[in-house]
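Dear colleague,

Please find below the structure that I am handing over to you. My notes on it follow.

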Amino acid sequence: GSTTEVIITSNINEFANGDNSSLLILIIDKILIISVILGCYFQVSPLLAVWAEIPETWLNFHIKGITINEEKRRIFKIRAFRTFLFIMITLISFACLKILPFVEAITGSVCTMITSVIAPALFYLLLFKTELIGIKKNWFNITVIILCLYIVLGTIFGIALFYQEISSVFN
């Protein structure tokens, strides 16, 4: 709401009040703000390239042109598609502006569960399948059961966190 402040800059500004070294702290504050702005600016292009990679492949934008004109058309199609994608993402972001904290909470909870619980156990099971088969049958069964249980529980808790965030939006 209106009482929300950016944590880093408000804490630094509060710390700077009444301190003799407030000029140094304010300079550090400005450097942090500029770093965040530059970070956001330099992250847009790589993130957009990741978002666009699969649709561009589906639309055959990555097939090299035989002539120079075909290659220029291919590059133009990629740039036009990425511009369109950027505009669409911007419009969707603008539409979600009022519920941005909830969007961040939902993506944070889902991504946290996937990257810290579900994916490591699943990758371990898939990567070391041959080693797991080589151990005694009882231990193999127990290991696979524990990993599968871990994956299932992680998925259930992830869905529970997702449901909790969604229900808090509508309450």
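In these notes, contact means heavy atoms within 4.5 Å, and helices are DSSP runs of H or I with at least four residues, numbered from the N terminus. This is a predicted model, in which local features need pLDDT of at least 70, side-chain atom pairs count only at pLDDT 80 or more, and totals for chains, interfaces and linings use all residues. Residues are numbered from 1 along each chain as its sequence is written, and side-chain values use heavy atoms, with hydrogens and water left out.

Helix α3 covers residues 68-95. Buried residues (under 20% relative accessible area; exposed is over 50%, partly exposed in between; 1.4 Å probe, protein chains only) in α3 are E71, R74, I78, F81 and L85. Their cover includes α2, residues 22-58.

The count of salt bridges (a side-chain nitrogen of Lys or Arg within 4 Å of a carboxyl oxygen of Asp or Glu) is 2. One joins R82 and E56 at 2.7 Å, N to O; the pair links R82 in α3 with E56 in α2, 26 residues apart. E56 is buried at 0% relative accessible area, whereas R82 is partly exposed at 23%. Beyond its neighbours within four places in sequence, E56 contacts F61, H62, I78, F81 and R82.

E71 also forms a salt bridge, with R74, their closest N and O atoms being 2.5 Å apart. Both residues are buried, and they are separated by about one helical turn because they lie 3 residues apart in α3.

Yours sincerely

Definitions and conventions:
Helices (H or I, at least four residues) and strands (E, at least two) are DSSP runs, numbered from the N terminus. The expected span of a helix is 1.5 Å times one less than its number of residues.
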